[in-house]
Amino acid sequence: MKILQINTSARREGANSTRLANTVTARLQADNPGATVTLRDLAVTPHPVLDEAALGARFTPAGQRTPEQAARVALDDALIAEVQAHDVIVLGVPMYNFGNPIQLKSWIDAIAQAGVTFRYTANGPEGLIQGKKVYVALARGGMYRDTERDAQVPHLKTVLGFLGMTDVRFIYAEGLAMGAEGVEKAFAQAHADLEAALA
Ligand SMILES: Cc1cc2nc3c(=O)[nH]c(=O)nc-3n(C[C@H](O)[C@H](O)[C@H](O)COP(=O)(O)O)c2cc1C
C-alpha cells in the first residue's frame, strides 16, 4: 500500500486537520505493515494558484512553451504523477469561511486536467484517476455535518468523483472552537468515524 498524505491547512504547526490526517495515516499503517507514506504539506510547499499565466502555460502547446511556462506546467504535472503513483490518499482539510482552503483548491486546480485526469466520452465525463481510496480528515470550528451549510463535503465528493476517485470517506472533527471539551469530543467523534470508515 502506498499512502499519500496531503496537508492543506494554512498552518505548518498545530493544525487540527493535520493532527487528524496523521492519525488516519498512522492507523492505515498499523493495519497494513509495509505501507509506505509520502507527505505533501501545502503550507510548507505552497502550490501556485491557477492564474492567467498558469492557464496561458497550460494552453500553449508543449513545444512552444517558454521555460517559465514549461516550469509552471511541470509543477501541476508533478502533483498528478504523485496521485497516480499512490493507492490511498489522506487529505487533511480545514474549514475556512465555510469552504476549503486555497491550498486545497490549488491542488485540485492542478490535478484536474482535461485529457489527463478526466475526459469526455459519448457517454459523458469519465474520471481517469481510478482505483484510489480517499480519506478526508475534516477540521471545523463549528458543527455542519449532514446540514445544508456543509459546502465542503458535497463539493469534494463531486470533484474527486469527477476525476475518478469515487471511494471517498469523510472523518469529522467538528466543534473545535467550542472549548477544551469541544476539542476532546471532536477527536473522539473523529476516531469513531475512522473506525467506521475502516470497518
Ligand atoms: C481563517 C479561518 C476561517 C475559519 N472559518 C471557519 C468557518 O467558517 N466555520 C467553522 O466552523 N470554523 C472556521 N474556522 C475554524 C477552523 O475550521 C478550525 O480552527 C480548524 O481547526 C482549522 O483547521 P486547521 O487547524 O487544520 O488549520 C476558521 C478558522 C480560520 C483560521
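Trainee: In which order do the five strands of the open sheet lie?

Mentor: The open sheet runs β2-β1-β3-β6-β7 with parallel pairing, where two strands pair if DSSP finds at least two bridges between them, and where strands (E, at least two residues) and helices (H or I, at least four) are DSSP runs numbered from the N terminus. This is a predicted model, in which local features need pLDDT of at least 70 and side-chain atom pairs count only at pLDDT 80 or more, while totals for chains, interfaces and linings use all residues. Residues are numbered from 1 along each chain as its sequence is written, and side-chain values use heavy atoms, with hydrogens and water left out.

Trainee: Which strands form the edges, and how are neighbouring strands turned against each other?

Mentor: β2 (36-41) and β7 (167-173) are the edge strands, each pairing on one side only. Neighbouring strands are turned by 15 degrees against each other on average, direction ignored; axes here are lines fitted to C-alpha atoms, for helices over the stretch in contact, and angles run from 0 to 180 degrees between N-to-C directions. Parallel β1 and β3 are joined by five bridges, and Ile6 stands opposite Leu91 in β3. On this sheet packs α5, which touches β3, β6 (133-139) and β7 (contact means heavy atoms within 4.5 Å), and its direction makes about 160 degrees with that of β7.

Trainee: How should I read the packing of α4 against α5?

Mentor: Two packed helices are described by the angle between their axes and the distance between the axes. Here the axes of α4 and α5 come within 11 Å and cross at roughly 20 degrees, which makes α4 roughly parallel to α5 (angles under 35 degrees count as such). The crossing is left-handed, that is, the near helix is turned anticlockwise from the far one by less than a right angle. Leu104, Trp107 and Ile108 in α4 meet His155, Leu156, Val159 and Leu160 in α5, and the residues of this contact divide into six nonpolar, one polar and no charged.

Trainee: What is Ser106 in contact with?

Mentor: Ser106, found in helix α4, counts as buried at 4% relative accessibility. Leaving aside neighbours within four places in sequence, Ser106 is in contact with His47, Pro48 and Val49.

Technical notes
Parallel < 35°, antiparallel > 145°, perpendicular 65-115°, else oblique. Nonpolar A, V, L, I, M, F, W, Y, C, P; charged D, E, K, R; others polar. Buried < 20%, exposed > 50% of the residue type's maximum accessible area, 1.4 Å probe, protein only.
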